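My notes follow in the order in which I looked things up.

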Amino acid sequence: NRVRDKRSGFVLITMGFTIIALIAALGIAIDVGRMFIAKNETQAYCDSAALAAALALDGTTSGIINAKAAVGNSTNAWNFSNTAINNSAVTFATSINGPWDSNPSPAAGYAFARVSATVPMQLYFIPVLVAQTVANVASMATAAQVALTSVPRGLAPYTAVSTNNTPPDFGLVVGSSYDIHWPQ
């Protein structure tokens, strides 16, 4: 005569809840992972667009127009490089601290460009837990043209040495051969 154990089926119920929890965690990890990828892709877009915009700035109104066009012509995309970024914004400033203006007039002195972009990413697994079906992923980058007032060590590791310090040729003659020295 066997007495039936009251605990029979406990492992089956426990494994059922465990599998549901693991699948939920895996789904959330997939959505969060996709958010990190979208952030990386939009940041790459903003970085390259800000650099292109800063390079186009020349202190004129046409430089501002060219900078905006450079941002608009960026070919970087998001969603695994399948979707273009259409809602970016570009602003300009005379210093890194701003103020930032989308249409500076006059354009003289504007050397900083800031590009921001936001993309709506569809969520698949997180909506099971909360009522949010779209996550807005935002990125921003700033670039500028800053004049070098001196050549830092390592930027030009080799240089021709002349004892004449008068411009424009500094004592160097076109067509002559010179020794290259490591800077002191």
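**Overall make-up**

How many helices and strands does the protein chain have? I count two helices and seven strands. I keep in mind that this is a predicted model. Next I read the order of the elements.

I then looked up burial. The protein chain has 184 residues, and buried ones make up 23% of them. The exposed surface comes to about 12,800 Å². Carbon and sulfur atoms supply 61% of that area.

Which strands form the open sheet, and in what order? I find three strands, ordered β3-β4-β5, with antiparallel pairing. The edges are β3 (89-93) and β5 (134-144), each of which pairs on one side only. On average, neighbouring strands here are turned by 20° against each other, direction ignored.

I went through the β4 and β5 pair in detail. Strand β4 covers residues 112-122. Its antiparallel pairing with β5 runs over eleven bridges.

Helix α2, residues 61-72, lies across β3 and β4. The angle of α2 to β3 is about 145°.

**Cis peptide bonds**

I checked omega next. The bond from G98 to P99 is cis, with omega near 5°. The bond from S105 to P106 is cis as well, with omega near 0°. Where do these prolines sit? I place P99 in the loop between β3 and β4. P106 is found in the loop between β3 and β4 too.

**Positive phi**

Then I looked at phi. N79 is not a glycine, yet its phi is positive, about 60°. F80 also has a positive phi of about 60° and is not a glycine either. I find N79 in the loop between β1 (77-78) and β2 (83-84). F80 lies in the loop between β1 and β2.

N79 has 29% relative accessibility, so it counts as partly exposed. F80 has 49%, so it is partly exposed as well.

**Q145**

Q145 sits in the loop between β5 and β6 (159-160). Its relative accessible area is 36%, so I log it as partly exposed.

Which residues does Q145 touch, not counting those up to four places away in sequence? I list A54, L55, A56, L57 and A111. With L57 I looked for a polar approach. A polar atom of the Q145 side chain lies 2.8 Å from the backbone oxygen of L57. I also took the distance from Q145 to Y110. The two are 35 residues apart in sequence, and their C-alpha atoms are 9.2 Å apart in space.

Notes: Residues are numbered from 1 along each chain as its sequence is written. This is a predicted model: local features need pLDDT of at least 70, side-chain atom pairs count only at pLDDT 80 or more; totals for chains, interfaces and linings use all residues. Side-chain values use heavy atoms; hydrogens and water are left out. Helices (H or I, at least four residues) and strands (E, at least two) are DSSP runs, numbered from the N terminus. Buried means under 20% relative accessible area, exposed over 50%, partly exposed in between (1.4 Å probe, protein chains only). Accessible areas come from the Shrake-Rupley method with a 1.4 Å probe; for residues, only the protein chains shown count as cover. Two strands pair if DSSP finds at least two bridges between them. Axes are lines fitted to C-alpha atoms, for helices over the stretch in contact, and angles run from 0 to 180 degrees between N-to-C directions. Contact means heavy atoms within 4.5 Å. A polar contact is a pair of N or O atoms within 3.5 Å; within protein, one must be able to donate a hydrogen and the other to accept it, and residues adjacent in sequence count only if both atoms are side-chain atoms.
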